[in-house]
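Work through the exercises below with the sequence and the 3D structure open. Each task is followed by a solution in steps.

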Amino acid sequence: MTVSARAGRSAAVIAIAVFTVAGGFMSPHSAVVVWACAAIAVGVSTALAALRVRGLALAVGFVLVAAALTIAAYGFSATIAWMGFCVIAIWIAIDSPLRISACLGAGLIVTLLVQLLRDPAEPGWIAWVVGTAFSFTAGASARRLHASASRLQEALESLRSAQSELAQRSREQERARIAADVHDVIGHGLTVTLLHIEAARLTLDEGPEIAGRSLLEAEQLTRTSLEEVRATVGLMKQDDPRTSAPLPGAGDIADLVDSFRTAGVRVDLAVTDDLDRIGAARGLTTYRIVQEALTNAARHAPGHPISGRVLVEDGEIRVTVCNTCDPAAEPQHRDGAGEGLRNMHERARSVGGRLIARGCQGAWSVEAVLPL
């Protein structure tokens, strides 16, 4: 029981006691009968409040209270004891279902109408009928308002829970996105760096100048990859993303391809001239897909040529990257890049696109279609 409900019942018991006792002094009937009825009315109402009775049991208890009040004030309208009917009407309307409270409310009004029929010249009975009906209506309205407030509170709690769940899901999606970015950046950087280091090792005999160029390219690529990782992680730490280094976009694909070519990878990638039409989100997605596809090809099919294209046509971005490989290496090509393939699929889906990666007869291809 809430504090307000407990206080309301206590106030109702006090009101019934006051009206019954005051009515006892005003009643013309035998003092023994009047005070016995008053004791019953006060005692039963006190028990109903103390036991927190509701519903049908409450209605039965109030039948006893109403009967005691009726006997004590029967045939005499000029007594305040009939105010107990108004208190009962409010209490039962608040604490009992509508059908039960309506039956008891109707019984109270019928009791008063019987008194009116016995003495139609007495205008006081009409006042008690109206007062009891009004009290019941007020109690029913208060019950509906309380129910509406409870439903509103439940809706607010549900909304808070949904907001919390949405925030948690957003955090998880952001962590997954950042993990995918870090995976792609590090995978690409390490793969191409290893190619440069391998080239430097193989060209040591040809002269330190050639090996030095390869090591310089490896150093520059490592530094660039580190800056991308810092930029990606920095988005989580700073409120203003403008203070972080910009992430790559579709316009950086040409430089990406050049980094592979510099490392000795044979790449023939046709790029459309209007990549500037691609927005930042789809540009980053396109860049990452090309980056991961080239990285997988260089890692799992070293020495084999890579071809492909990035075209913008018919409101779509079409990315295709193909490479030849030894048939025996296809399962390794497919399974070894499992995380990268999942990242590419998720990136394509995140912007409403689709991606297919498959191997067939000594070749491997990645095909993505993204909405512009």
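A salt bridge is a side-chain nitrogen of Lys or Arg within 4 Å of a carboxyl oxygen of Asp or Glu. This is a predicted model, in which local features need pLDDT of at least 70 and side-chain atom pairs count only at pLDDT 80 or more, while totals for chains, interfaces and linings use all residues. Residues are numbered from 1 along each chain as its sequence is written, and side-chain values use heavy atoms, with hydrogens and water left out.

**Exercise 1. Salt bridges**

Task: Find the partner of Glu367 in a salt bridge, and state how far apart the closest N and O atoms are.

Solution: 
- Step 1. The partner of Glu367 is Arg358, and their closest N and O atoms lie 3.6 Å apart.
- Step 2. Glu367 is partly exposed, with a relative accessible area of 30%, and Arg358 is partly exposed at 46%.
- Step 3. The structure holds 5 salt bridges in total.

**Exercise 2. A salt bridge inside a helix**

Task: Determine how many residues apart Glu157 and Arg160 lie, and in which helix.

Solution: 
- Step 1. Helices (H or I, at least four residues) and strands (E, at least two) are DSSP runs, numbered from the N terminus. By this count the protein chain has 11 helices and 5 strands.
- Step 2. Both Glu157 and Arg160 belong to helix 6 (residues 124-202), where they are 3 residues apart, about one turn of the helix.
- Step 3. The two form a salt bridge, with 3.0 Å between the closest N and O atoms.
- Step 4. Glu157 is partly exposed at 42% relative accessible area, and Arg160 is partly exposed at 44%.

**Exercise 3. Helix 4 and its two neighbours**

Task: Describe how helix 4 packs against helix 5 and how helix 3 packs against helix 4.

Solution: 
- Step 1. Two packed helices are described by the angle between their axes and the distance between the axes. Axes are lines fitted to C-alpha atoms, for helices over the stretch in contact, and angles run from 0 to 180 degrees between N-to-C directions.
- Step 2. Helix 4 (residues 83-95) and helix 5 (residues 98-118) have axes 9 Å apart at an angle of about 165°. Angles under 35 degrees count as roughly parallel, over 145 as roughly antiparallel, 65 to 115 as roughly perpendicular and the rest as oblique. Helix 4 and helix 5 are therefore roughly antiparallel.
- Step 3. Contact means heavy atoms within 4.5 Å. Helix 4 contributes Phe85, Ile88, Ala89, Ile92 and Ala93, and helix 5 contributes Ser101, Leu104, Leu108, Thr111 and Leu112.
- Step 4. For residue classes, Ala, Val, Leu, Ile, Met, Phe, Trp, Tyr, Cys and Pro count as nonpolar, Asp, Glu, Lys and Arg as charged, and the others, Gly among them, as polar. The contact of helix 4 with helix 5 has 8 nonpolar, 2 polar and no charged residues.
- Step 5. Helix 3 (residues 55-73) packs on helix 4 at about 175°, with the axes 11 Å apart, so helix 3 and helix 4 are roughly antiparallel.
- Step 6. Residues of helix 3 in this contact include Leu58, Phe62 and Leu69, and those of helix 4 include Trp91 and Asp95. By class there are 10 nonpolar, 3 polar and 1 charged residues.

**Exercise 4. Asp95**

Task: Is Asp95 buried or exposed, and which residues does Asp95 touch?

Solution: 
- Step 1. Asp95 lies in helix 4.
- Step 2. Asp95 is buried, with 8% relative accessible area.
- Step 3. Not counting residues up to four places away in sequence, Asp95 touches Arg9, Arg54, Gly55, Leu58 and Arg143.
- Step 4. For the whole protein chain, buried residues make up 41% of the 372 residues.

Definitions and conventions. Buried means under 20% relative accessible area, exposed over 50%, partly exposed in between (1.4 Å probe, protein chains only).
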